[in-house]
Amino acid sequence: IPPPMRPIPCKPLFFDLAGNHISYPMDEIEEKAGTSKKSPKKEGGGITGLVKGLWGWGGK
Amino acid sequence: MTTPTAAQQKKEQEKQALYVELQKFCQSQDDTRAIKVASKILHLFPNDEVAFKTKIVCHVNRGMFAEALSLINDTSKLSGSVQYEKAYCLYRLQRMEEAKSVLDSWQSNSFKKVELMYQIHYRLDNFESAYDSLSDLLKTSDDEMDDERRTNLSAIAASLKLAGSSRRVKDIQ
């Protein structure tokens, strides 16, 4: 016959939250791809600057 | 005289095109293809830190912790920027003491360092240290994971009790 049931401590639930802090370096990737949405550091004048910013030619 | 410059320029253009591809695969979380592109960049530019870090993150995402760790260990010149990732891989490979010493020697006071450290302390049965670190973290943390952090704090508090600690724990809201 099975022994009587008794309560035992169970392993408490514990989340791995440290893994959430690992992510692609998206900002650097975008910068190197020339698709960075951040405005270029040097302010280009007028429409030329806008076009440069749009196509990423002004980067670096 | 113009030949090396032209070749250089071509190489740079090639790199930028590869980065456009890498961005696309990262956005769609296609880690297998992202690894291939990052490797191509590293083949052209062996010192490219961003491609290296991306490659490591992709391996971690795929659960390939041993592979990520050997990549980091084999590439010491680029390993400085992936110390957190190195410690995390060791943590997932159940190599807690090594994970702790990597984090200890990592010059950073970042939030994520404390987050991984209390998890390591918990796995090492250092419940007192784990409790203190996480309590401190909860004072400053403010993101969507705070409920999970409170769950972790109660797990640590329960383990403290089970280990016979007389430490008084605060109510967890």
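Predicted model: local features only at pLDDT ≥ 70, side-chain atom pairs only at ≥ 80, totals over all residues.
The expected span of a helix is 1.5 Å times one less than its number of residues.

**View 1. Helix H9 of chain B, end to end.** H9(B) covers residues 146–162, and its 17 residues reach 24 Å from the first C-alpha to the last. The expected figure at 1.5 Å a residue is 24 Å too, so the helix comes out close to what the definition asks for. What sits over them? Following the helix is Gly164(B), with a positive phi near 80 degrees.

**View 2. Helix H2 of chain B and its buried residues.** Buried along H2(B) are Asp31(B), Ala34(B), Ile35(B), Val37(B), Ala38(B), Ile41(B) and Leu42(B). Keep Val37(B) in mind, as the next view picks it up again.

View 3. Gln23(B) lies in helix H1 of chain B, which takes in residues 2–27. Is Gln23(B) buried or exposed? Its relative accessibility is 7%, so Gln23(B) counts as buried, the cut-off being under 20%. Once neighbours within four places in sequence are set aside, the contacts of Gln23(B) are Met26(A), Ile29(A), Glu30(A), Ala33(A) and Thr35(A). As for Val37(B), it is 14 residues from Gln23(B) in sequence, and their C-alpha atoms are 9.8 Å apart in space.

**View 4. Helices H6 and H7 of chain B.** Two packed helices are described by the angle between their axes and the distance between the axes. For H6(B), residues 96–105, and H7(B), the axes come within 10 Å and cross at roughly 150 degrees. That angle is over 145 degrees, so H6(B) is roughly antiparallel to H7(B). The crossing is left-handed. On the H6(B) side the contact is made by Met96(B), Ala99(B), Lys100(B), Leu103(B) and Asp104(B). H7(B) brings Lys113(B), Leu116(B), Met117(B), Ile120(B), His121(B) and Arg123(B).

**View 5. Helices H5 and H7 of chain B.** H7(B) also packs with H5(B), residues 83–92, at an angle of about 20 degrees and with the axes 11 Å apart. An angle under 35 degrees counts as roughly parallel, so that is the label for H5(B) and H7(B). H5(B) passes H7(B) in a left-handed crossing. Tyr84(B), Ala87(B), Tyr88(B) and Tyr91(B) are the H5(B) residues making the contact. From H7(B) come Lys112(B), Lys113(B), Leu116(B), Gln119(B), Ile120(B) and Arg123(B).

View 6. His121(B) has 10% relative accessibility, so it counts as buried. Which residues does His121(B) touch, leaving aside neighbours within four places in sequence? They are Lys100(B), Asn126(B), Phe127(B), Ser129(B) and Ala130(B). Lys100(B) and His121(B) also turn up in the list of residues making the H6(B)–H7(B) contact.

**View 7. Two loop residues with positive phi.** Gln94(B) sits in the loop between H5 and H6 of chain B. Its phi is positive, near 65 degrees, in a residue other than glycine. With 61% relative accessibility, Gln94(B) counts as exposed. Asp125(B) is in the loop between H7 and helix H8 (127–140) of chain B. Asp125(B) is not a glycine either, yet it has a positive phi of about 65 degrees. Its relative accessible area is 54%, so Asp125(B) is exposed.

**View 8. Zooming back out to both chains.** Chain B has nine helices and zero strands, while chain A has two helices and zero strands. Of the 173 residues in chain B, 45% count as buried; in chain A, with 60 residues, the buried share is 20%. Chain B exposes about 9,500 Å², with 47% supplied by carbon and sulfur atoms. For chain A the accessible surface is about 5,200 Å², and 63% of that belongs to carbon and sulfur.

Terms used. Residues numbered from 1 in each chain as written. Chains lettered and ligands numbered in written order. Heavy atoms only, no water. Helix = DSSP H or I, 4+ residues; strand = E, 2+ residues; numbered from the N terminus. Buried < 20%, exposed > 50% of the residue type's maximum accessible area, 1.4 Å probe, protein only. Areas by Shrake-Rupley, 256 points an atom, 1.4 Å probe, with all protein chains shown as cover. Contact = heavy atoms within 4.5 Å. Axes fitted to C-alpha atoms, helices over the stretch in contact; angles between N-to-C directions. Parallel < 35°, antiparallel > 145°, perpendicular 65-115°, else oblique. Left-handed = near helix turned anticlockwise from the far one by under 90°.
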